[in-house]
Amino acid sequence: MARIVHLSDLHFGAHDERLVAAVERSVDELKPDLVVVSGDFTQRAKTEEFAEACAFLERLRDGGHEVLGVPGNHDVPLYDVLRRFLSPLTRYKRYIDDVLCPVHELRGAIVLGINTARSMTFKDGRINESQVEFIRDTFARADSDSVRVLVTHHPLFALTVGDELQSAIGRQDMALDAIEEAGVDLLLAGHNHHASVSSASDLVTRAGGALVVQAGTATSTRTRDQDQSFNLVDVSDGRVILTVYTWGGEDYRPADAKAFAKQDGHWSSARSAQPAA
């Protein structure tokens with residue numbers, strides 16, 4: 001079995017220390033094979049914010065946890081115009097990871113992160129042709145029975161949060177072609193501060209059979225219609241169990257668990273979902 005803790009939108013600089021400590025306790029208790037952070041490590045891409053995020057990651061790693069992350073739009077400087085356009089991710093590379101599209105192989109799964117943050121857009125994300133080729137090439141080398149997991153900060157799809165429809169990633173058609181051809185199983189993203197799970201084909205007819213898994217904000221004080229949360233993803237024997245852990249005021253608690261099974265290339269709801277121990 002492969003176990004992944006999916007965090008997103010940490011927003012150091014606009015975070016709650018109680019939530020940070022609770023996430024660390026939860027990760028230690030859940031003992032994942034990999035911790036995924038789908039972007040927005042910082043609030044305004046300031047040096048001190050990246051230093052706090054770095055210290056958080058070091059504590060996770062000191063606890064024996066592997067970490068894979070991708071940048072978010074908040075990790076690109078907003079008001080420092082020169083840095084935004086000349087060296088937008090220099091601080092990210094210094095404090096978080098100098099690899100912007102990391103790959104991690106687990107028993108039964110392969111996880112690929114793709115950077116969707118761009119200087120030219122303040123909020124929205126984009127994907128480019130070289131990244132699409134990297135997606136195809138990476139998953140083409142994977143074992144045929146490995147679950148293929150793609151991590152981005154920005155969702156590939158337009159998703160409704162509250163009463164608003166949030167925009168899809170730039171060059172969506174190219175991205176959707178790539179994930180369908182590569183046989184991607186799970187799409188992990190954040191950005192909207194809103195946890196949800198859906199089938200890609202329910203969102204866009206030609207999108208293939210991947211599960212679209214959105215994480216809420218794990219440690220930020222900035223919420224949207226939901227309390228802070230993170231996801232636990234358990235992959236085993238052709239099944240995926242997704243458990244949402246929600247902030248309860250003192251700690252994170254398993255609030256919802258859903259099981260999915262793959263049939264004819266599509267993931268659909270299955271029975272017997274129980275919150276992970």
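Visitor: How far does the backbone nitrogen of Arg 44 lie from a polar atom of the side chain of Glu 49?
Guide: This is a predicted model, in which local features need pLDDT of at least 70, side-chain atom pairs count only at pLDDT 80 or more, and totals for chains, interfaces and linings use all residues. Residues are numbered from 1 along each chain as its sequence is written, and side-chain values use heavy atoms, with hydrogens and water left out. Between the backbone nitrogen of Arg 44 and a polar atom of the Glu 49 side chain, the distance is 2.7 Å.

Visitor: Is Glu 49 buried or exposed?
Guide: Glu 49 belongs to helix α2, residues 47-62; helices (H or I, at least four residues) and strands (E, at least two) are DSSP runs numbered from the N terminus. Leaving aside neighbours within four places in sequence, Glu 49 is in contact (heavy atoms within 4.5 Å) with Phe 12, Gly 13, Thr 42, Gln 43 and Arg 44. A residue is buried under 20% relative accessible area, exposed over 50% and partly exposed in between, with a 1.4 Å probe and protein chains only. Because its relative accessibility is 7%, Glu 49 counts as buried.

Visitor: With which side chain does the side chain of His 74 make a polar contact?
Guide: His 74 is found in the loop between β3 (67-70) and α3 (81-86), and its relative accessible area of 13% makes it buried. Beyond four places in sequence, His 74 touches residues including His 11, Asp 40, Thr 42 and Arg 222. A polar contact is a pair of N or O atoms within 3.5 Å; within protein, one must be able to donate a hydrogen and the other to accept it, and residues adjacent in sequence count only if both atoms are side-chain atoms. At 3.2 Å, the polar contact of the His 74 side chain is with the side chain of Arg 44.

Visitor: What is the phi of Asp 9?
Guide: Most residues other than glycine have a negative phi. Asp 9 lies in the loop between β1 (2-7) and α1 (17-30), and it counts as buried because its relative accessibility is 0%. Although Asp 9 is not a glycine, its phi is positive, at about 50 degrees.

Visitor: Which side chain is joined to that of His 191 by a polar contact of 3.0 Å?
Guide: His 191 lies in the loop between β9 (186-189) and β10 (196-199), has a positive phi of about 80 degrees without being a glycine, and counts as buried at 9% relative accessibility. Among the residues that His 191 touches, not counting those up to four places away in sequence, are Ser 8, Asp 9, Asn 73 and Arg 224. The polar contact of 3.0 Å joins the side chain of His 191 to that of His 153.

Visitor: What volume does the largest cavity have?
Guide: Rolling a probe the size of a water molecule over the atoms shows where empty space is left. On a 1 Å grid over the protein atoms alone, a cavity is a set of points where a 1.4 Å probe fits but cannot get out, while a pocket is an open set with protein on both sides within 12 Å along at least five of seven lines; lining residues have an atom within 4 Å of a point. The lining of the largest cavity includes Asp 124, His 154, Ser 167 and His 191. With points joined across faces, edges and corners and volume taken as the space filled by probe spheres set on them, the largest cavity has about 40 Å³.

Visitor: How much space lies in the largest pocket?
Guide: The residues lining the largest pocket divide into five nonpolar, three polar and five charged. Here Ala, Val, Leu, Ile, Met, Phe, Trp, Tyr, Cys and Pro count as nonpolar, Asp, Glu, Lys and Arg as charged, and the others, Gly among them, as polar. The space in the largest pocket is about 150 Å³.

Visitor: What share of the 277 residues in the protein chain is buried?
Guide: The protein chain has seven helices and 15 strands. One of the buried residues is Ala 175, with a relative accessible area of 1%; this residue is found in helix α6 (residues 172-182) and touches Ile 127 and Leu 156, not counting residues up to four places away in sequence. Of the 277 residues in the protein chain, the buried share is 55%.
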